[in-house]
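Here is a short report on the model shown below. It takes the sheet first, then the ligand site, then a few local features.

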Amino acid sequence: MDSIIVTGGGPLSGTIPIAGAKNACLTLMPATLLSDEPLTLTNAPRLSDIRTMTQLLESLGAEVARLSDGLVLSMSSHILNGERADYDIVRKMRASILVLGPLLARQGHAVVSLPGGCAIGARPVDLHLKAFEAMGAELDLRDGYVHAKAPAGGLRGGIVDFPFVSVGATENALMAATLARGTTVLKNAAQEPEIVDLAHCLQAMGAQISGEGTDTIEIQGVDRLHGATHRVVTDRIELGTYMLAPLIAGGEVTCIGGKRSLLEAFCVRIEEAGAIVTESAEGLTVRRGNGPIKAVNVETEPFPGFPTDLQAQMMALLCTAEGTSVLEEKIFENRFMHAPELTRMGANIEVQGGHAKVMGVSKLRGAPVMATDLRASVSLILAGLAAEGETTVGRVYHLDRGYEHVVAKLSGVGANIRRVKEDG
Ligand code: EPZ
């Protein structure tokens, strides 16, 4: 397993290009199963999760061509030879569950492995299943798989009232509803930019959708969807991650393609901590204001609140802020695994259940640390940018799932960072 070595250094300066959103692409790709005509995605991120989703779609009979060095995915599911999303693929990536809605809508049946938990939590899929039941599907859970069957005439429109916000369940239900007979209403729907992006892609394919980006989405089912070409929305989590780099290491960085509307709540918090964020046609430029970064409190919430996927990275900033910050993780039950690793670097953090209290220290010290999940791994790299000495982050395969060329992007703005193959 490779490691990444960061040596704490001086201020950063320059530009970082932001890729297409992993979490948009992972729901846009299964949308190809809804139509027998080609769906082409541009601005696709080049990540291992995208390769895993490609493998899954191909196992179901879809064709996925990676063009322009992977930036363009040209997909078609003219014929579907399978209906079974096997555990050996699904266990690698929970987003695999997002093939269930499209398969059920397109061919009336599907067998998809239950994804199982992951490092940050149990992550059940009960809300996904509840949505399909509201559309008339029969679901049978056995031998670790969901066996789903639509009614004889296909899924029918229904009211889905989510007891709490779920991004994936909203995406699965939205895709299934596009081909259901009649009207479907999703209440307490997720409002993330990735949901809006999916809705725009489905509309380009002929779906009748309104209310995307609000908590109530209405879908009029249609008989079939046609092909389309869609540009994947900018990755707001990669954007927020790199906006923190100059706040931690000093200097000024422009994130190309960044838009404030993608992460307003995050911008408000970092400005409260002392960041200066400037928006231009090129993107978002970030630098420290005068004086030290100050402690702030953070609560993770569904969009438009502070994103849980930026909580670990924000903690890396707050480790050396002036004062005490409290971070409350309200989305996942176990998403502070970066805290003990940051503590190894000299941070002063107390974790109790869903709360982490961070008492700012003047400087972190480089140390060998271990990545446990995608966002924790990048928070350790951020912390290493201004730590004294070398920080070696192990198990960087977690990083490859969600960050394209992180070494090139950070060294491009002056960070002292390199990737080493595991010896032997
Ligand atoms: C998506 O996961 C993202 N993944 C996650 O990003 C992100 O953290 C999460 O949304 C929240 O924003 C992708 O888009 C591929 P949820 P998802 O359903 O859809 C519980 C990253 O780092 N829940 O909104 O799985 C669930 O356990 C990843 O890029 C149920 O109980 O998230 C969690 O506690 C990590 N039953 C909460 O709801 C369900 O049926 C929110 O989950 C579904 C979810």
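## A mixed sheet

Strand 8 and strand 9 (residues 145–149) run antiparallel and are joined by five bridges. Within this pairing, Arg142 has Tyr145 of strand 9 as its bridge partner. Strands here are DSSP runs of E with at least two residues, helices are runs of H or I with at least four, and both are numbered from the N terminus.

The sheet is open and has four strands in the order 6-7-9-8, with mixed pairing. Strand 6 (84–85) and strand 8 (138–142) are its edges; each has a single partner strand, so one side of each lacks a neighbour in the sheet. Two strands count as paired if DSSP finds at least two bridges between them.

## Basis of the model

The model is predicted: local features need pLDDT of at least 70, side-chain atom pairs need pLDDT 80 or more, and totals for chains, interfaces and linings use all residues. Residues are numbered from 1 along each chain as its sequence is written, and side-chain values use heavy atoms, without hydrogens and water.

## The ligand site

The ligand is surrounded by 22 residues, each with a heavy atom within 4 Å of it. Asp126, Leu127, Ser166, Asp309 and Ile331 are the closest. The shell comprises 10 nonpolar, five polar and seven charged residues. Nonpolar means Ala, Val, Leu, Ile, Met, Phe, Trp, Tyr, Cys and Pro; charged means Asp, Glu, Lys and Arg; the others, Gly among them, are polar.

Which element gives the most to the shell? Helix 5 does, with three residues. Domain 1 (2–19 + 234–421) and domain 2 (22–231) both contribute residues, so the ligand shell lies between them. The domain bounds come from an automatic or database assignment.

A polar side-chain atom of Asp126 sits 2.7 Å from a ligand nitrogen atom. Ser166 places a polar side-chain atom 2.7 Å from a ligand oxygen atom. A polar backbone atom of Val167 is 2.8 Å from an oxygen atom of the ligand.

## Local features

Helix 10 (residues 311–318) is mostly covered, with eight of its eight residues buried. Buried means under 20% relative accessible area, exposed over 50%, and partly exposed in between (1.4 Å probe, protein chains only).

Pro304 lies in the loop between strand 18 (298–299) and helix 10. A cis peptide bond links Phe303 to Pro304, with omega about 15°.

Asn43 has a positive phi near 60° and is buried at 15% relative accessible area. Asp69 has a positive phi near 55°, but is exposed at 60%.

Terms used. A polar contact is a pair of N or O atoms within 3.5 Å; within protein, one must be able to donate a hydrogen and the other to accept it, and residues adjacent in sequence count only if both atoms are side-chain atoms.
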